[in-house]
Amino acid sequence: MNIGLIIAGGSGARMNQDIPKQFLTVNEKPVIVYTLEAFQNHAGIDEIAVVCIEGWEQMLWAYAKQFNITKLKHIIPGGDNGQSSIRNGVYELEKHHSAEDIVLIHDAIRPMVSEEIITDCIENTEKYGSAVTIIPCAEAMMQTEDGEVSTGSYPRDKLKRTQTPQGFRLGNICRLHRDALKAGITNSIASCTLMIEMGEQVHFCKGSEKNIKLTTVEDIDIFKALLMAKRSEWLK
């Protein structure tokens with residue numbers, strides 16, 4: 001079984017809005033619904049679970065009913081940070097599913113995730129046991145100590161920018177979180193960084209520049225433009 005675990009436990013403080021950014025309405029539809037629809041419409045996804053910020057659980061069930069998100073089976077309380085929210089999610093899924101089942105952990109605020117990205121993540125997780133969505137680093141990367149000046153750079157061909165989904169066997173990601181707690185690691189940035197901190201290897205799968213994370217108001221503007229965009233027929 002392939003499960004989409006959508007992480008919507010954050011408040012979105014950097015967006016500086018009155019409601020969590022995953023529930024902001026864009027073109028008459030909440031951001032999180034675009035994300036849920038991507039997993040709902042993917043033939044390879046059997047079930048969806050959401051880790052939800054406190055107080056928005058009933059609203060999420062209502063949206064699922066309104067927009068026919070029939071694969072949504074679990075809404076799970078969020079944690080104090082990203083790591084604890086993901087831990088809450090995978091621990092709950094462990095109660096209902098096999099250790100060999102695949103879980104794709106995905107940010108609720110990446111609503112442009114494509115069918116191709118989800119497929120590639122599933123296939124690579126099946127093959128390698130883990131799959132982290134990445135895109136190349138196209139910009140020059142400068143090193144700095146104070147954030148003001150730089151005296152060095154880092155080769156961009158040795159860097160990858162991570163996105164979500166990030167796929168794992170359910171039993172493995174639960175074990176990783178238990179081991180991390182024993183090691184005193186409680187605030188890792190993402191599942192892929194947690195794996196590295198725990199001495200594990202991560203495998204890559206293909207992402208996209210369109211698979212944006214909505215962090216600022218400017219990102220909402222880009223999201224609206226992407227919803228309107230249609231690729232020119234002459235482009236390969």
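In which strand does E47 lie? In this predicted model, E47 belongs to strand β4, which covers residues 47-52. The residue is buried, yet E47 has no salt bridge. Its nearest side chain of opposite charge is that of K73, 6.5 Å away. What the side chain of E47 does have is polar contacts with two histidine side chains: one with H74 at 3.2 Å, and another with H97 at 2.8 Å. Neighbours within four places in sequence aside, the residues in contact with E47 include M1, N2, I3 and G4, along with K71, K73 and L93. H74 and H97 are also among these contacts.

A polar atom of the D219 side chain lies 2.9 Å from the backbone nitrogen of T216. When residues up to four places away in sequence are not counted, D219 touches I212, K213 and L214.

Finally, there is helix α1, made up of residues 31-40. Here 10 of the 10 residues are buried, so the helix is largely enclosed by the rest of the structure. The buried residues of α1 include V31, I32, V33, L36 and F39, and Y34, T35, E37, A38 and Q40 are buried as well.

How values were computed:
Residues numbered from 1 in each chain as written. Predicted model: local features only at pLDDT ≥ 70, side-chain atom pairs only at ≥ 80, totals over all residues. Heavy atoms only, no water. Polar contact = N/O pair within 3.5 Å; in protein donor to acceptor, adjacent residues only side chain to side chain. Contact = heavy atoms within 4.5 Å. Buried < 20%, exposed > 50% of the residue type's maximum accessible area, 1.4 Å probe, protein only. Helix = DSSP H or I, 4+ residues; strand = E, 2+ residues; numbered from the N terminus. Lys, Arg positive; Asp, Glu negative; His and termini not counted. Salt bridge = Lys/Arg side-chain N within 4 Å of Asp/Glu carboxyl O.
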